[in-house]
Each structure stands twice: as structure tokens, then as C-alpha cells.
Amino acid sequence: MQLTVWTYEGPPHVGAMRIATAMRDVHYVLHAPQGDTYADLLFTMIERRQKRPPVTYTTFQARDLGSDTAQLFQDAARDAYERFKPKAMLVGASCTAELIQDDPGGLSDALELPIPVVTLELPSYQKKENWGAAETFYQIVRKLAGPKAPPPGTKPAPRDPARRARCNLLGPTALGFRHRDDLKEISGLLAQIGVDINVIAPFDASPDDITRLGDADFNIVLYPEIAMPAAGWLQRTFGQPMVKTVPIGMGATCDFIREVAALAGVDASALLDDPNSRAPWYAKSVDSTYLTGKRVFVFGDATHAIAAARIATRELGFTVVGLGTYSRELAREVREAAKLYGVEAMITEDYLEVEAAITELNVELLLGTQMERHIAKRLGVPCAVISAPVHVQDYPARYSPQMGFEGANVIFDTWVHPLMMGLEEHLLGMFREDFEFHAEAAPSHLGGAASERRAAPAAAPIADAFALAVETDDDVDVIEAEGPIDPVWSPEGEKELGKIPFFVRGKARRNTEAYAREFGVRVITVEALYDAKAHFSR
């Protein structure tokens, strides 16, 4: 067992809560000890929902373990039905309750409630949150839509040409990364294409809506982590094809429109010819020597990580130096995507491993989760959040989708602005010797009170390394090394490097260190810095 401070995903019962909270007229009875109610905070404090999740906890305590916890569960389930009158109920156990081996499914069957009851068997010690959400949605679809399934082998009747095609939108949940705004954007796109929406699920769907899933001509899988098992079952059972392209980014949105139009039998060329989006022109306006080729590290859930890597390389001209996910269920897809960029996919749930890779690769832009946001802050690297897990600031009040043409605009702003905001740093660097605008001065808009400059202490580790090198050899510029060396920067060299504009400083540092390793320069002085510059200028 590995103990950790942070995790990318919660236990599977949190995934089940995301489905129950997204739906209407559903209630989840969770066999759980006192304390597991913390999960409510994810929805009420982070997502800022206006009501509590529709979950009843049995909240047994230590003293209850010596008595009948099964009766405790039955009482809670019966009371929840009487109080909330749901149209369907989910029953399951949290990780701790799983250990006492009560059977929520059998216990609820014994109650003979007059509504469908979906039993969730979520192995808490083998699976994670997204898997729990996918399994819960899949079981709900099978339970509620299954009775309307045609006999096996029945081919779907051809669509009446006079009727517009209709689809189901599958996958959006509560606590999803911009799911609510994505739904609005994709619904608008489908209206422009001329496709009707039959059911959106699980977001805002009722049990009655789930029973109508089979009426659609095809399904759109917006979030494969959540919807793929259910979409696969609908395809096998009702013969409904599915749209797999996730419309994140300009290129993927155009591919999505083509795929939908082909299944719906409509002509979407007018929409493709005039997408009414600023993102493509803005991307072309990105300065070729300023942002093009920026070293980008991408990590998140599989859907958003794959999409982000495609946008970064094909639409913004960045260089993907790392790509990874914590979604082990979709590891194969991420590995295939990583091959396109010549990198090896990182499949891990260990954020410390991710942090080590980011540090090693010397990246210039991080696209990740709130975990990577903390790492970026420590390393001083620009960062944008592209995926769950997220924090409260990732649920903005404004309309901020990730999908569709407007989503492409939002992504451009979110990714590029953190890089461009360094302009102030550049100006500060240019005027760092000025009496008024030096780094320790108070902001001029607050009265312009220039503070006294204080002599900045030299960085101890660098200074120590430099002193050690001086003691070992009089010639600190070039020292013959017997094996691979790890060059250090002298205080003067580091200061001279700081005079280089920030947008090329990273490249200058890398080139100089590469020069030092090649020519055996153990300590990088001012002279070594300019020798490296001359070397690469030839």
C-alpha cells in the first residue's frame, strides 16, 4: 500500500455519486461509516451546487459493528424512499462498509420497494472514481432501458426520411470539467447541423428519459471515461452506432461535425466553411519566435490529455515533450496518441512521478490538473488546467466550454495568455537596474513609492557549488571531466543569463548546459555563456 497526500481520482462510490447527483428523481443509499459524508463537500463547496447530492448515508459508527448493520441499511433505504419518493434507487457500499460484507442489493430486494433498484458492486480497492461512474451509468442504462430492448439479432428499422435524425448525448456528469458548458455548446452545434437530441444522460436525465435511449438513431460519446460501456451496450442491443470523436479543439470539432453529418445524412459543409471562430486566426498570429515550439507537458484524464496534445501540436505549434494520464482504463488510447509526438506515454497515479518528469523535461508550459497547477507554481512554469481533478476556480460563473468552436476560443485564451503575461517580467528584466522600476519596487499604480534596493543574497547552492569548483581547480571555466558532468552556474553567469529576455531564456539555458556537457565545462561563467552563444551561432 502506498500512502499519498493527493490522488487524481476518488474511490468508485464518488463516481456513483457523480451519476446520481447529475440525474433527476434518483436517490443513492450508500452503506458507509460516519465520516464518509465528506464527499458531499465535493459538490457543494467545489462545484458550488445549490443542493446536496441525493445520497443517504447509513453512517454507522464503531459501536454499531457489534450489532446488526444490515438492519441499519434496510431502515435507511426504507426511510429514504418514504422521504424522497424517487423514481429509481441506487444502493451500494463505500470502501469501509465493503469490509463488513453486508449485501446492499439483497437487503434492498427484501424491502420490495415499488421502484427499480440498481445494485452497485464497486470494488473500492481495485477501481477508481471514473470507473465507478462508468459502471454506475452502465448498470442504470441496462436496468431501465433493457426492458425495451428488441430481440437479439433484430436490425433497427430505417429512419423515415421525413424525420430529422436524433441522437443521445452520453457522458456528462456532476463534478465534470466544464460538462455543463460543453453541453450547451454541443447542443447548439447539433441544432446548426440539423440533428435533434433525444436524451442527454446522465446529466439532468430522469429514469423515464433513460428508458427512451433506444429511440435515438445514434449516440454521441462526449466523455469516453464515463459513457463508453453504456454506449457499447446500446450499440449491441439497439444497433445504434456511436460518434467517438470528442470535439475539443478546432480540428476535432470539424472531424466531429463530419462524423455526425455522415450518420445523420445531412450536409454540414456550410458550417465547416464558416465556423465563426476566432481561434484559427489567433493561433496563426502567435509569434513564430515567441511561442512556436514551446515545450509542453500534458497530463490529465485520457479524453482531455489526447485532445490537448492534438491542439498543442497541430493548432498552436507547440512541441509536446510529455503526455500522460491517470486513466488506466484508457491507457492504450493515450499510448497510441503519444506515438504521434515521438514520446512515451506516462500512465501513472503517482503525482510525484509526474512532478519528477516535469522537472526533468524542463518544460515551458504545463497542461494538467490541479495537481500539476501546484507543481507549476513551485517551478515557476505557466500552467493551464485542462482536466479533472479540479478546484473551485475551475467552475467559473461565466460561460466557459472546452468543446466546439467557442471551446476552441476559450482554450486559446486559457493556454496562451499565461505565456504572454510574462511580458511584464520581460520589461522588469530590461529595467532591473532602474532606480524606480527594479524588482523590489512597489507597483507604480499604488503611488510610485520606490523602495530601497536591497542587495540580493547569492543563491546558496550555486555559490557553494561555485566555491567548491574554485577550490578544486584554478581554472573554473574548463575542467577536463572523466565522465558525464552536471554543470553548475556561477553567480555571475546566472546573473548574466537573467539579462536574456525571458521568452528565449529557457532555450539559452538549455543550449549553454548542453555546450558545457559536450566540452567538459563544469562551472558556467559569463565567458562560458558567451562561448556557448558563439558556438551555436556558427
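1. Strand β3 (residues 88-93) pairs with β4 in the parallel sense, over 3 bridges. Within that pairing, M89 has V117 of β4 as its bridge partner. Two strands count as paired if DSSP finds at least two bridges between them. Strands are DSSP runs of E with at least two residues; helices are runs of H or I with at least four; both are numbered from the N terminus. Strands of a sheet pair through backbone hydrogen bonds, either parallel or antiparallel.

2. A word on the source. This is a predicted model, in which local features need pLDDT of at least 70 and side-chain atom pairs count only at pLDDT 80 or more, while totals for chains, interfaces and linings use all residues. Residues are numbered from 1 along each chain as its sequence is written, and side-chain values use heavy atoms, with hydrogens and water left out.

3. Where do β3 and β4 sit in their sheet? The sheet is open and has 4 strands, in the order β2-β1-β3-β4, with parallel pairing. Its edge strands are β2 (55-57) and β4 (117-119), each of which pairs on one side only. On average, neighbouring strands here are turned by 20° against each other, direction ignored.

4. Two helices lie on this sheet. Helix α1 lies across β1 (26-31), β2 and β3, and runs at about 160° to β1. Helix α6 lies across β3 and β4, at about 140° to β4. Axes are lines fitted to C-alpha atoms, for helices over the stretch in contact; angles run from 0 to 180 degrees between N-to-C directions. Contact means heavy atoms within 4.5 Å.

5. Is α1 mostly covered or mostly open? Mostly covered: 11 of its 11 residues are buried. Among them are P12, H13, V14 and R18. Buried means under 20% relative accessible area, exposed over 50%, and partly exposed in between (1.4 Å probe, protein chains only).

6. Now the other sheet. Its 4 strands also make an open sheet, ordered β6-β5-β7-β8, and the pairing is parallel. The edge strands, β6 (196-201) and β8 (242-243), each pair on one side only. Strand β5 (residues 166-170) runs parallel to β6, joined to it by 5 bridges. N168 stands opposite V199 in β6. Helix α9 (residues 224-238) packs on this sheet and touches β5, β7 (218-221) and β8; its direction makes about 165° with that of β7.

7. P147 is in the loop between α6 and β5. P147 counts as exposed because its relative accessibility is 68%. Its C-alpha atom is separated by 8.2 Å from that of T211, 64 residues apart along the chain.

8. The largest pocket has a volume of about 1,400 Å³. Of its 47 lining residues, T7, Y8, E9, G10 and K128 are the closest to its centre. Elements giving two or more residues to the lining include α1 (12-22), α6 (129-145) and α9. A pocket is an open set of points on a 1 Å grid over the protein atoms alone, where a 1.4 Å probe fits, with protein on both sides within 12 Å along at least five of seven lines; lining residues have an atom within 4 Å of a point. Volume is the space filled by probe spheres set on the points, which are joined across faces, edges and corners.

9. Finally, the whole protein. It has 22 helices and 15 strands. Of its 538 residues, 50% count as buried.
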